[in-house]
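Keep the viewer open as you read.

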Amino acid sequence: MRKPIIAGNWKMHKTVEEAIVLANAIKRDVFDIEDVEIVLCPPFTSLGDVKDVILETNISLGAQNMHWEAEGAKTGEISSKMLKQIGCKYVIIGHSERRAYFGETNQTVNNKVGAALKEGLFPIMCVGEKLEERESGKAFDIISGHIEGGLVNIGPEEILNLVIAYEPVWAIGTGKNATPDQAQEVHKFIRGLLAKKYGKDTSEKIRIQYGGSVKPSNIESLIGEKDIDGALVGGASLKSESFVELVKKSSQVVK
Ligand code: PEP
């Protein structure tokens, strides 16, 4: 049985002070949830302070990006070693905003996934098609390119520490989520790709989150689908009320 994972991607939101307030509010209201894994991904500047808030709780810390080298002359970058040391368990890799605005490719995603796993971090690898790719019937080709390109040289033991986030770009921040049927179709397809690469048993253990306009009103129908194992949440993770509701509703679906 795969434990659902609800991760909040705060993107470039929240000062340190605001991040501490939000993390405290979430912590207060989800302390008794055990059947859903809860992850907060604040900006780099708040990682240390949010870590202090969630220390020894049921909430894990995640970062939103990293470089694949351990250290060096890479101005403005952060390494897996730094993330691990500050207390991160997870790191989001290859978010569509990074692919669109910061030149990330399947190759850089693969470099980062490999480096994160080597450091003992759990990558949340994002994949997903743009609207024009869906409309021209290329969605499945794009997604298999993201999966195959991102997982080059990632072995069957390591893969169990990886989470995949299917995030159709047309659903991110638009208020227009993929329907549960649309999302399930892609999640099943991704699990099929993983089964070909790693075997059926392993593929059944890998968690695949959905992301794209997830909110309290649609979470239950999405994670009620067989291959949808939680959500990567942007907008609705920025307020404790909506994020807590997402976590609690997910927990009810699990039960
Ligand atoms: C995201 O950016 O990962 C995301 C899913 O955003 P939103 O929930 O706001 O669509």
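**Around the ligand**

An N or O atom in the side chain of Lys-11 sits 2.5 Å from an oxygen atom of the ligand; a polar contact here is a pair of N or O atoms within 3.5 Å, and within protein one must be able to donate a hydrogen and the other to accept it, while residues adjacent in sequence count only if both atoms are side-chain atoms. The side chain of Glu-167 also has an N or O atom 2.7 Å from a ligand oxygen. From Gly-173 it is a polar backbone atom that lies 2.7 Å from an oxygen of the ligand. The protein buries 95% of the 290 Å² that the ligand exposes when taken alone (Shrake-Rupley areas with a 1.4 Å probe; for residues, only the protein chains shown count as cover).

Before going further, a word on what you are looking at: this is a predicted model, in which local features need pLDDT of at least 70 and side-chain atom pairs count only at pLDDT 80 or more, while totals for chains, interfaces and linings use all residues. Residues are numbered from 1 along each chain as its sequence is written, and side-chain values use heavy atoms, with hydrogens and water left out.

Which residues come nearest to the ligand? Of the 14 around it, they are Lys-11, His-95, Glu-167, Gly-173 and Ser-213, where a residue is near if one of its heavy atoms lies within 4 Å. The shell is made up of four nonpolar, eight polar and two charged residues, with Gly counted as polar and Tyr and Cys as nonpolar.

**A strand covered on both faces**

Now find strand β6, residues 163–166 (strands are DSSP runs of E, at least two residues, numbered from the N terminus). Val-163 and Ala-165 on one side and Ile-164 and Tyr-166 on the other are all buried, meaning under 20% relative accessible area with a 1.4 Å probe, protein chains only. Strand β5 (residues 122–127) runs parallel to β6 and is joined to it by four bridges; strands pair if DSSP finds at least two bridges between them. Ala-165 is the bridge partner of Cys-126. Strand β7 (residues 207–211) is likewise parallel to β6, with four bridges, and there Arg-207 stands opposite Val-163.

**The cysteines**

How many disulfides are there? The count is zero, a disulfide being a pair of cysteine sulfur atoms within 2.5 Å. Cys-126 is buried at 2% relative accessibility, but its closest cysteine sulfur, in Cys-41, is 9.5 Å away, so the two are too far apart for a bond. Cys-41 is buried too, at 0%, and its sulfur lies 7.9 Å from its closest counterpart, in Cys-88, again too far for a bond.

Terms used:
Buried < 20%, exposed > 50% of the residue type's maximum accessible area, 1.4 Å probe, protein only.
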